Amino acid sequence: TENGSVVMPVIFAKVSGVKDGHIPHYWSMIKSFITPETYVVRNAPVVNAASVLYMTKVATSFLKDGKLQRDKIRAHQCYTYGFLRENIQDHILDKLQLLIDRRLIKGTFENGTEYTIIAVALTMNINIVRMIQNFDFTKKNPKIICINTTERIISLEDSILMAFLSYLGFDVLFFVPTGYKTVENFYNSDIPDEHQTGNYIYDLRIPNFRTVSSNTRQSWHEKLAKR
């Protein structure tokens with residue numbers, strides 16, 4: 001903590017491949033990262049495209065000269081975060097402004113992507129919103145684990161959401177056994193940090209992690225988890 005601000009290091013990483021091609025250990029390793037504060041994404045979009053499309057049209061009035069019009073946002077009938085604590089609402093809007101200012105997302109202030117960024121940030125699903133509400137900045141931060149075992153390209157909207165959650169203080173970890181590109185398609189910088197861990201394996205079916213046995217993490221897993 002410095003000058004009234006809390007600085008929290010977060011993980012934003014991608015794990016590509018399956019160590020030694022050992023699939024049971026791979027699923028066990030992923031399970032070891034799942035905690036009660038973890039939201040798991042399984043080969044599916046997180047963002048509701050229809051909600052974002054509608055909000056994108058509304059969002060054109062939420063930005064002026066690159067700055068969020070906060071009073072206008074909070075007063076709008078489409079703003080759904082009014083039930084959150086005031087400091088949490090401020091945190092969401094602060095980090096939304098930061099994400100726009102840093103132009104991390106390709107197309108920001110070039111083709112209207114800034115309005116898509118706003119729309120995604122203002123239409124998060126209720127389970128993620130509740131994780132933000134429960135976030136205690138003095139303790140463990142919430143986690144997002146995204147598992148992608150297919151050729152499906154992660155959408156711009158989901159890529160924006162993952163970056164935004166990282167800015168909010170979430171640890172974001174991608175497991176990509178295929179080694180394919182994911183969110184990096186839509187970012188202007190070299191994130192997430194990528195860890196090449198083994199053979200590329202295709203067409204894996206994601207198990208029910210409740211039935212997966214637990215094994216001890218290997219050294220790099222332990223190092224990553226302690227960051």
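Modeller: Asp-203 is found in the loop between β7 and α8 (219-225), where strands (E, at least two residues) and helices (H or I, at least four) are DSSP runs numbered from the N terminus. The model is a predicted one, in which local features need pLDDT of at least 70, side-chain atom pairs count only at pLDDT 80 or more, and totals for chains, interfaces and linings use all residues. Residues are numbered from 1 along each chain as its sequence is written, and side-chain values use heavy atoms, with hydrogens and water left out.

Colleague: Is Asp-203 buried or exposed?

Modeller: Buried means under 20% relative accessible area, exposed over 50%, and partly exposed in between (1.4 Å probe, protein chains only). The relative accessible area of Asp-203 is 66%, so this residue is exposed.

Colleague: What phi does Asp-65 have, although it is not a glycine?

Modeller: Most residues other than glycine have a negative phi. Asp-65 lies in the loop between β3 (63-64) and β4 (67-68), and its 74% relative accessibility makes it exposed. Its phi is positive, at about 55 degrees.

Colleague: Which peptide bond is cis?

Modeller: Most peptide bonds are trans. Pro-192 lies in the loop between β6 and β7 (193-196). The cis bond, with omega near 0 degrees, runs from Ile-191 to Pro-192.

Colleague: At roughly what angle do the axes of α4 and α7 cross?

Modeller: Axes are lines fitted to C-alpha atoms, for helices over the stretch in contact, and angles run from 0 to 180 degrees between N-to-C directions. The axes of α4 (residues 86-102) and α7 (residues 156-168) come within 9 Å, and their crossing angle is roughly 120 degrees.

Colleague: Why is α4 described as oblique to α7?

Modeller: Angles under 35 degrees count as roughly parallel, over 145 as roughly antiparallel, 65 to 115 as roughly perpendicular and the rest as oblique. The axes of α4 and α7 cross at roughly 120 degrees, so α4 is oblique to α7.

Colleague: Which residues touch the most other members of the largest nonpolar core?

Modeller: A nonpolar core is a set of buried Ala, Val, Leu, Ile, Met, Phe, Trp, Tyr and Cys residues joined through side-chain atoms within 4.5 Å. The largest such core has 53 residues, and those touching the most other members are Met-124 and Met-162.

Colleague: Which residues does Met-162 contact, leaving aside its neighbours within four places in sequence?

Modeller: Contact means heavy atoms within 4.5 Å. With those neighbours left aside, Met-162 is in contact with Phe-12, Val-46, Ile-144, Cys-146, Val-172, Phe-174 and Tyr-187.
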